Amino acid sequence: MTSLPENSDAPQGGDDMEQDMPRSSGWAALKQAVAFVPGMPAELGKADIPALVALEKLCFSVPWSAKQYETVLGNEPFHLFGIREGAGLVGYLTLYAAAWEMEILNIATHPDHRRRGHAQRMLSHVLHLCREMGIKRGYLEVRRSNIPAQSLYRSFGFEEVGVRRRYYPDNREDAIIMRLDLDVSQAQPD
Ligand SMILES: CC(C)(COP(=O)(O)OP(=O)(O)OC[C@H]1O[C@@H](n2cnc3c(N)ncnc32)[C@H](O)[C@@H]1OP(=O)(O)O)[C@@H](O)C(=O)NCCC(=O)NCCS
């Protein structure tokens with residue numbers, strides 16, 4: 001997970017982020033094309049903020065606030081997808097995408113719904129969309145102790161490429177930086 005400062009409009013990862021060339025119409029058309037495919041993670045909007053914040057508090061020690069989600073949801077390079085079951089949100093993923101690079105900012109599944117493939121489905125969906133958009137590299141940050149998330153990312157081909165020492169504000173834990181080369185890897189996990 002990335003620590004997103006309030007009102008930030010860019011993630012902190014991806015040191016060599018290339019020139020920002022948003023292709024908003026491409027994303028909109030792609031999202032519209034997959035919106036009605038049954039079982040696909042849905043795009044989330046401002047109406048989902050209360051559910052997102054509730055899930056954040058359950059899943060993270062430094063949760064994003066409603067204000068941070070409002071910033072993200074009104075900002076073009078950010079994309080939010082989730083899985084709903086019944087009336088509730090059981091999982092979500094936040095993505096920052098610009099030009100040829102993207103960053104997974106957070107991904108979480110409700111504790112009562114884990115190990116059912118929800119995270120795998122969300123990541124698979126988002127990586128597929130990124131490939132369709134011509135994005136070539138993906139980055140993310142993950143706590144050194146977060147073995148479940150690292151295992152998920154490795155199964156999609158993400159590899160460790162660096163460390164941000166004492167990155168997380170709550171316990172000063174290191175962040176592992178992971179990278180995926182989208183043009184050489186597959187959309188499905190191993
Ligand atoms: C990490 C997380 C998103 C996984 O969500 P999930 O929906 O339970 O994951 P899935 O069921 O899709 O599992 C996919 C793969 O992830 C890995 N994984 C998931 N949970 C795991 C666990 N407890 N231990 C080891 N590997 C695990 C496995 O490789 C798994 O594949 P498998 O079931 O075939 O072995 C979830 O544990 C979570 O929300 N954690 C708290 C928030 C968090 O840490 N997010 C990541 C921030 S960087």
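1. A word on classes before we start: Ala, Val, Leu, Ile, Met, Phe, Trp, Tyr, Cys and Pro count as nonpolar, Asp, Glu, Lys and Arg as charged, and the others, Gly among them, as polar. By that scheme, the lining of the largest pocket holds 14 nonpolar, 12 polar and 4 charged residues. Please keep in mind that this is a predicted model.

2. H5 gives the most, with 6 residues.

3. Turning to helix packing, helix H2 (residues 49-59) meets helix H3 (residues 66-73) at an angle of about 125°, and their axes lie 10 Å apart. H2 is therefore oblique to H3. The crossing of these two helices is right-handed.

4. At this contact, H2 supplies Ile49, Leu52, Val53 and Glu56, while H3 supplies Ala66, Tyr69, Glu70 and Leu73. Sorted by class, the contact of H2 with H3 has 6 nonpolar and 2 charged residues, with no polar ones.

Key. Residues are numbered from 1 along each chain as its sequence is written. This is a predicted model: local features need pLDDT of at least 70, side-chain atom pairs count only at pLDDT 80 or more; totals for chains, interfaces and linings use all residues. Side-chain values use heavy atoms; hydrogens and water are left out. Helices (H or I, at least four residues) and strands (E, at least two) are DSSP runs, numbered from the N terminus. Axes are lines fitted to C-alpha atoms, for helices over the stretch in contact, and angles run from 0 to 180 degrees between N-to-C directions. Angles under 35 degrees count as roughly parallel, over 145 as roughly antiparallel, 65 to 115 as roughly perpendicular and the rest as oblique. A crossing is left-handed if the near helix is turned anticlockwise from the far one by less than a right angle, and right-handed if clockwise. Contact means heavy atoms within 4.5 Å.
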